[in-house]
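Morning, everyone. I'll take a few minutes on one helix and some charged pairs, so please look at the screen.

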Amino acid sequence: MHASKNFVEDAVAEVDFDFSPFLKRYKDGRIERLLRSPPVAVSENPRANRGVATRDVVIDHSTGVSARLFLPSRAAKAAGNRRLPIVVYIHGGSFCTESAFCRTYHGYATSLAASAGALVVSVEYRLAPEHPIPAAYDDAWSALKWVASFADPWLADYADPARTFLAGDSAGGNIAYHTAVRASQDDGLELGIDIEGMAIVHPYFWGAERLPSEEVWDGAAVFPAYGVDWLWPFVTAGQASNDDPRLNPPEEEIASLTCRRVLVAVAEKDTLRERGCRLLDRFSDYYARTATSGEATLVESEGEDHGFHLYSPLRATSRRLMENIVRFINQPPKPMILGVPRRPFMDVFDYGMNMKRRCSDSTTTTCSMAYATSKIGGPKKNYGLFSGAVWPTNKQAYKGPAAAAAFAGTRHLIKNMW
């Protein structure tokens, strides 16, 4: 018993960095990844994977960057001469764990491909701390360039380059955003890379100063704010702190993005929630100020925490989140609705006609508010322009730059029915 006790104490003493539940780093350099699921084999037989054929490709032999492709066979057959949208998906895991080949992300990408009728390219990038940032950014960029080359037969035969989407969750949401930025710069423009939309779920963005909602931790949320504070210095090998603009994108960077549509999904109990809301608001404000024909959509899942959809995919809130992402990917071209000033209105959910019915006898201000707000599940609280469980309990804590103008996008609340 005494020897066992010493062994435990020695093991604890060896830990150099404890970032549970993701990983531990020991003083001898060993990395123990705690959050990981077993790998899943690929099969080009769609019957082996819920109607989705899968296979792996090596993108860059020098770095080992690779990807797993998910081709929905029914959608491919039904499309005929029409091609499928492409979703370049970047997994989460705090930049330091999980894999495109693991059970969690294999299952999610399968569901996304089958539900959206899209060819999904799930990127396997290098992980920190062995490969600190910007390795993951470079790998995602390599993957996007490879997709844009259409050298792969599945891409050449089935994919629609005009409907290319970037997507990711948590750290993958951050990587997807920065990949979209790179695609909007000279290198991407010269290669002809055209991003139709970006869908980021519970994205990791942060800052040196805490927001009001980040000051309080209830002891139950997946990420305490102090834990988030540790992440960026760790995954950048101490080369950057939380005031890094890669965590809090500057306005000129947002204005440089050429993707036409953005969806940001947040969870009510997630410590990162307010950062996601703020980022979405900045997109909305830019679209509104510049009269750019862009669209920003916020989806909030009530009563849920970070990454819930990955580990409980059959929950009602997980299914509704997937439905919103699928609609975003398969959204038809924007129709013009008379009576909405200056900007086209996307009437995918029939809100335009509902707005016209509700506002036929109303003032312009009331109609603008109806246009600005759309929810799933009905109202919970009303803070004026934005209704639903979108903002913190202290409604003065943050209203966002778009609160003073017509909101160039939609907000959906997913009610938790469980």
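Predicted model: local features only at pLDDT ≥ 70, side-chain atom pairs only at ≥ 80, totals over all residues.

I'll start with helix H6, residues 171-184. Its 14 residues, at 1.5 Å each, should span 20 Å, and the end C-alpha atoms do lie 20 Å apart, so the two values agree.

Take Asp16 and Arg25. Their closest N and O atoms are 2.7 Å apart, and they form a salt bridge. Asp16 has 40% relative accessibility, so it counts as partly exposed. Arg25, at 26%, is also classed as partly exposed.

Next, Asp194 and Arg260, a salt bridge with its closest N and O atoms 3.2 Å apart. This pair links distant parts of the chain, 66 residues apart: Asp194 sits in the loop between helix H7 and strand S9, and Arg260 in the loop between helix H9 and strand S10. Both are partly exposed, Asp194 at 32% relative accessibility and Arg260 at 30%.

The third is local. Glu323 and Arg320 are both in helix H12, residues 316-329, three residues apart, or about one turn. Residues three or four places apart in an α-helix point the same way, because a turn takes 3.6 residues. Glu323 and Arg320 form a salt bridge, with 3.4 Å between the closest N and O atoms. Glu323 is partly exposed, with 35% relative accessible area, and Arg320 is partly exposed at 33%.

Note on methods:
Residues numbered from 1 in each chain as written. Heavy atoms only, no water. Helix = DSSP H or I, 4+ residues; strand = E, 2+ residues; numbered from the N terminus. Expected span 1.5 Å × (residues − 1). Salt bridge = Lys/Arg side-chain N within 4 Å of Asp/Glu carboxyl O. Buried < 20%, exposed > 50% of the residue type's maximum accessible area, 1.4 Å probe, protein only.
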